[in-house]
Amino acid sequence: MRIVLYTVGGTIAMAGSGGAGVVARLGGAELTAAVPGLAGVDAELVVRDTEPVPSADLTFRRIAELVAAADAAVRDGAAGVVVTQGTDTLEETAYLADLLWQRDEPLVFTGAMRNPTIAGPDGPANLLAAVRVAAAEVARGLGALAVLDDEIHAARFVRKAHATATGAFVSPDTGPLGHVIEGRVRVLARPARLPALAVEPAAFDRVRVALHTATLDDDGALLPHLADRYQGLVVAGYGVGHVPGALAPVFGGLAETIPVVLTSRTGGGSVLAHTYGAIGSETDLARRGLIGGGLLSPYRARVLLRCLLAAGAERTGVEAAFAAHR
Ligand code: ASP
């Protein structure tokens with residue numbers, strides 16, 4: 001069995017640079033050499049190094065190209081794929097990959113919270129667990145996954161919820177799908193998958209989607225003329241999907257021109273659809289044309305909306321897709 005490992009940088013691949021802080025520069029040979037037990041996994045690991053960057057510098061296009069390369073690797077016989085990258089944007093890249101991934105073979109994202117130069121780096125354990133999951137029959141059909149801290153998270157539900165802890169990745173609405181226990185991959189829940197989206201990597205360059213977080217006493221000064229520069233907007237509202245009443249007509253006006261998706265800034269749970277009635281509440285915003293994002297976090301909703309717009313979806317297509325994905 002062959003597993004292909006794509007390295008993309010991040011803390012897991014960082015090394016010192018003469019006292020000026022660590023930078024991403026290790027490749028797959030160094031990463032795999034640091035993993036006790038990897039040789040014991042019953043799989044041939046094929047390394048494909050790509051330019052190492054902090055995950056802040058990743059782009060939709062680069063991830064879509066990576067998914068296309070992973071797809072080709074599977075077509076050529078790989079049983080699974082692992083991607084090592086920075087953790088900062090991993091919840092977005094893994095979700096993007098999940099939307100595009102058509103295969104049953106596992107596409108597993110991992111990284112590290114502690115870099116290789118400090119005591120107790122978590123990269124080697126995370127990489128070993130990720131390879132085990134990528135090689136596991138039981139992990140087939142789960143789409144893209146994030147494997148860190150011996151937990152297996154669906155890319156669709158995972159988020160980074162701590163800046164430094166090794167247990168930074170959580171799935172607030174579902175919990176992990178499974179665990180790696182004494183080297184054995186245990187899958188405890190199998191969410192239904194949605195059909196993959198077809199998006200040309202270059203198409204992402206033609207679409208911009210903004211994210212606006214509602215904050216206390218927000219006067220919306222950032223919003224005028226937003227539709228001149230962006231093709232879509234995600235609003236991270238308070239709680240169940242509320243914004244200051246004064247901004248409701250502003251978002252409604254934008255929704256007449258571009259799709260505007262309403263999500264919750266809380267980090268867990270869903271926006272509501274028919275509970276509150278004040279100006280700026282979820283029912284008011286729906287009346288003004290905002291699309292409910294349901295359980296999708298603001299970051300995930302932005303990834304989905306950019307995919308849909310890059311694929312050429314019109315308003316009804318965007319609404320239908322959000323109805324299916326939220
Ligand atoms: N800043 C790093 C990155 O995302 C953090 C990490 O890898 O955990 O590249």
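This is a predicted model: local features need pLDDT of at least 70, side-chain atom pairs count only at pLDDT 80 or more; totals for chains, interfaces and linings use all residues.
Me: Which ligand atom does a polar side-chain atom of Asp88 lie 2.7 Å from?

Reply: A nitrogen atom of the ligand. Residues are numbered from 1 along each chain as its sequence is written, and side-chain values use heavy atoms, with hydrogens and water left out.

Me: OK. Which side chain has an N or O atom 2.5 Å from a ligand oxygen?

Reply: Ser55. Another ligand oxygen distance involves the backbone: a polar backbone atom of Ala112 is 2.9 Å from an oxygen atom of the ligand. A polar contact here is a pair of N or O atoms within 3.5 Å; within protein, one must be able to donate a hydrogen and the other to accept it, and residues adjacent in sequence count only if both atoms are side-chain atoms.

Me: And how much of the ligand's accessible area does the protein cover?

Reply: 85% of the 270 Å² that the ligand has on its own. Those areas come from the Shrake-Rupley method with a 1.4 Å probe, and for residues only the protein chains shown count as cover.

Me: Which residues surround the ligand?

Reply: Gly10, Thr11, Pro54, Ser55, Gly86, Thr87, Asp88 and Ala112. To count as near, a residue needs a heavy atom within 4 Å of the molecule or strand in question.

Me: How does that shell split by class?

Reply: Two nonpolar, five polar and one charged. The classes put Ala, Val, Leu, Ile, Met, Phe, Trp, Tyr, Cys and Pro under nonpolar, Asp, Glu, Lys and Arg under charged, and the others, Gly among them, under polar.

Me: Switching to salt bridges. How many turn up in the whole structure?

Reply: Eleven. The test is a side-chain nitrogen of Lys or Arg within 4 Å of a carboxyl oxygen of Asp or Glu. In general, side chains of opposite charge can pair when their charged atoms come close.

Me: Which side chain does Glu65 meet in a salt bridge?

Reply: Arg61, at 3.2 Å, N to O. Both sit in helix α2 (residues 60-75), and because they are four residues apart there, about one helical turn separates them. Helices here are DSSP runs of H or I with at least four residues, strands are runs of E with at least two, and both are numbered from the N terminus.

Me: What does Asp284 pair with?

Reply: Arg287 at 3.8 Å, N to O, and Arg288 at 2.9 Å, N to O. Arg287 and Asp284 lie three residues apart in helix α7 (residues 282-287), about one turn of the helix. Arg287 is exposed at 61% relative accessible area, Asp284 is buried at 4%, and Arg288 is partly exposed at 26%. Elsewhere, salt bridges that share partners join Arg61, Glu65 and Asp205 into one network.

Me: Last one: which domain does UniProt place at residues 208-322?

Reply: "Asparaginase/glutaminase C-terminal", from an unreviewed entry. UniProt positions follow the numbering used here, feature names are shortened, and annotations may be inferred rather than shown by experiment. That span is 34% helix and 16% strand, with its end C-alpha atoms 18 Å apart. The UniProt entry, again unreviewed, also has "L-asparaginase N-terminal" covering residues 2-191, which is 24% helix and 28% strand with end C-alpha atoms 26 Å apart.

Methods
Buried means under 20% relative accessible area, exposed over 50%, partly exposed in between (1.4 Å probe, protein chains only).
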